[in-house]
Amino acid sequence: MRVTTEKIVFGGKALARVDGKTVFIPFALPDEELDITVTVNKRDYSEAAIKKVLTPSPHRIEPPCPYFGHCGGCNLQIADDDFQQSLRQIMVAELFDRAHITPERPPIFIAGPAWEYRNRFQFHTDKNGTIGMHGFSSNTVIPVRDCPIAAPALRTVLQQGGLQKLFPHNKKMDKDRLHVFAQDAVVYSPARPNASARVNGTVLNFNVFGFFQSNIAVLEKLIEPVSDLPRCTRILDFYAGVGTFSAFLTGKAAELHLVEHNERALITAKQNLDRIIAEKNSPCRCFFHTVSDADWPDIPAAQLTYDAIVIDPPRQGIHERVLIYLGQAKIPRIHYVSCNPATFVRDAKKLTALGYRFIEYRLFDFYPQTHHCELLGIFIR
């Protein structure tokens with residue numbers, strides 16, 4: 001079946017139409033003529049696989065990674081790097097267009113290295129003890145001896161076949177998920193779970209089983225606008241994790257209040273902030289609240305007056321009770337860091353309905369070779 005693709009939609013698949021019906025095609029680019037076969041046929045749409053690229057995009061390239069199409073980690077290596085960046089910007093802009101929401105200023109795009117950028121990985125094992133990455137659209141474990149997006153220290157381990165040495169068969173933990181962080185050296189679970197990252201000259205400790213950003217180079221570029229706040233009395237750091245953003249806010253407020261449901265992460269955040277404040281001889285006072293997002297509005301600290309909030313929710317976005325709280329608390333400035341532009345757009349629409357002005361968003365290219373990206377949105381009232 002011959003089709004001509006129209007565009008890439010959020011999620012990284014190309015869209016084409018057959019007799020008016022939408023067809024989604026992975027590993028395709030806009031304006032390509034393809035021979036496809038339908039793999040899934042739903043009432044409103046179909047999914048298809050490419051049998052042959054008949055007329056390729058001028059931006060199509062040969063994927064540099066030998067595992068591309070088998071490993072599920074990347075889906076845009078078929079496009080040159082500049083075109084990938086354009087596609088990610090277009091995909092996000094379309095989300096805003098469809099929601100009929102527009103920032104007051106044009107968006108800004110911030111890129112980093114296209115290769116050898118990823119510091120944090122989760123590898124998987126199967127019942128045979130094979131260690132590798134999950135396959136494309138499957139839980140099959142694909143053994144890998146290289147990964148061109150991995151940080152150099154980890155890439156060397158992969159090329160030397162070192163994963164099996166890091167994770168012997170009797171060391172399987174955490175439901176067959178094996179965690180690795182690499183900056184200068186490789187830190188891994190379960191033998192060496194305590195890691196540290198150097199971010200803009202500041203050392204942040206964390207546990208490799210927990211969350212930490214996967215691209216330190218772009219995280220460093222994100223830190224500056226997130227922490228671009230006037231000096232004030234009190235800042236709220238919501239979904240604070242190990243205190244990554246608060247570490248760069250100690251000179252901006254008399255008080256920092258960190259909210260995080262994960263007690264172990266918040267203990268690490270306290271250790272990080274105590275050390276950083278002592279090193280800087282800062283008068284800033286930090287308060288740590290181990291509470292879920294849903295329960296935050298019910299505790300006394302929620303009744304304090306905050307001058308700004310930095311909020312970095314999980315992929316599902318801001319909890320509905322927190323959105324209601326923001327509408328009632330009328331915090332003058334919101335810096336919203338999002339790992340999922342789709343839920344950010346949903347929340348941005350709600351925040352504007354609550355009286356906030358949507359000033360701008362900045363798109364950060366955290367995950368080259370994929371459709372994923374993160375953004376920072378700024379809201380004021």
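Buried means under 20% relative accessible area, exposed means over 50%, and partly exposed lies in between, with a 1.4 Å probe and protein chains only. By that rule strand S20 (residues 357-364) is mostly covered, with 6 of its 8 residues buried. Helices (H or I, at least four residues) and strands (E, at least two) are DSSP runs, numbered from the N terminus.

This is a predicted model: local features need pLDDT of at least 70, side-chain atom pairs count only at pLDDT 80 or more, and totals for chains, interfaces and linings use all residues. Residues are numbered from 1 along each chain as its sequence is written, and side-chain values use heavy atoms, with hydrogens and water left out.

**The eight-stranded sheet**

- Two strands pair if DSSP finds at least two bridges between them.
- An open sheet of 8 strands has the order S7-S20-S21-S19-S18-S15-S16-S17, and its pairing is mixed.
- S7 and strand S17 (285-290) stand at the edges with a single partner strand each, so one side of each has no neighbour in the sheet.
- The twist averages 15 degrees from one strand to the next.
- Strand S7 (residues 108-110) pairs with S20 in the parallel sense over 3 bridges. Ile 108 stands opposite Arg 362 in S20.
- S20 also pairs with strand S21 (residues 374-380), in the antiparallel sense and over 7 bridges. Phe 358 has Phe 379 in S21 as its bridge partner.
- Strand S18 (residues 308-311) and strand S19 (residues 333-338) are joined in the parallel sense by 3 bridges. There, Ile 309 has Ile 334 in S19 as its bridge partner.

**Helices on the sheet**

- Axes are lines fitted to C-alpha atoms, for helices over the stretch in contact; angles run from 0 to 180 degrees between N-to-C directions. Contact means heavy atoms within 4.5 Å.
- Helix H4 (residues 216-226) lies across S7, S18, S19, S20 and S21. H4 runs at about 165 degrees to S20.
- Helix H5 (residues 263-280) lies across strand S16 (253-260) and S17. H5 runs at about 175 degrees to S17.

**The six-stranded sheet**

- A further open sheet has 6 strands in the order S1-S5-S6-S4-S3-S2, again with mixed pairing.
- Its edge strands are strand S1 (2-4) and strand S2 (7-8), each pairing on one side only.
- S1 pairs with S5 in the antiparallel sense over 3 bridges. Thr 4 stands opposite Glu 33 in S5.

**The S13-S14 hairpin**

- Strand S13 (residues 194-199) runs antiparallel to S14, and 6 bridges join the two. Ser 196 stands opposite Asn 205 in S14.
- S13 and S14 form a hairpin with 2 residues between them.
- Strand S14 (residues 202-207) has two faces: Thr 202, Leu 204 and Phe 206 are on the covered one, while Val 203, Asn 205 and Asn 207 are on the uncovered one.

- Most residues other than glycine have a negative phi.
- Asn 200 has a positive phi of about 50 degrees although it is not a glycine. Asn 200 lies in the loop between S13 and S14, and is partly exposed at a relative accessible area of 40%.
- Phe 27 is not a glycine either, yet has a positive phi of about 65 degrees. Phe 27 sits in the loop between strand S4 (21-25) and strand S5 (33-41). At 17% relative accessibility, Phe 27 counts as buried.

**Helix H6 against helix H7**

- The axes of helix H6 (residues 320-329) and helix H7 (residues 341-353) come within 10 Å and cross at roughly 30 degrees.
- That makes H6 roughly parallel to H7. Angles under 35 degrees count as roughly parallel, over 145 as roughly antiparallel, 65 to 115 as roughly perpendicular and the rest as oblique.
- H6 contributes Glu 320, Leu 323 and Leu 326 to the contact, and H7 contributes Asp 347, Lys 350 and Leu 351.
- The residues of this H6-H7 contact divide into 3 nonpolar, no polar and 3 charged. Ala, Val, Leu, Ile, Met, Phe, Trp, Tyr, Cys and Pro count as nonpolar, Asp, Glu, Lys and Arg as charged, and the others, Gly among them, as polar.

**A buried arginine**

- Arg 155 is in helix H2 (residues 152-159). Arg 155 is buried, with a relative accessible area of 18%.
- Not counting residues up to four places away in sequence, Arg 155 touches Glu 116, Asp 146, Cys 147, Pro 148 and Ala 150.
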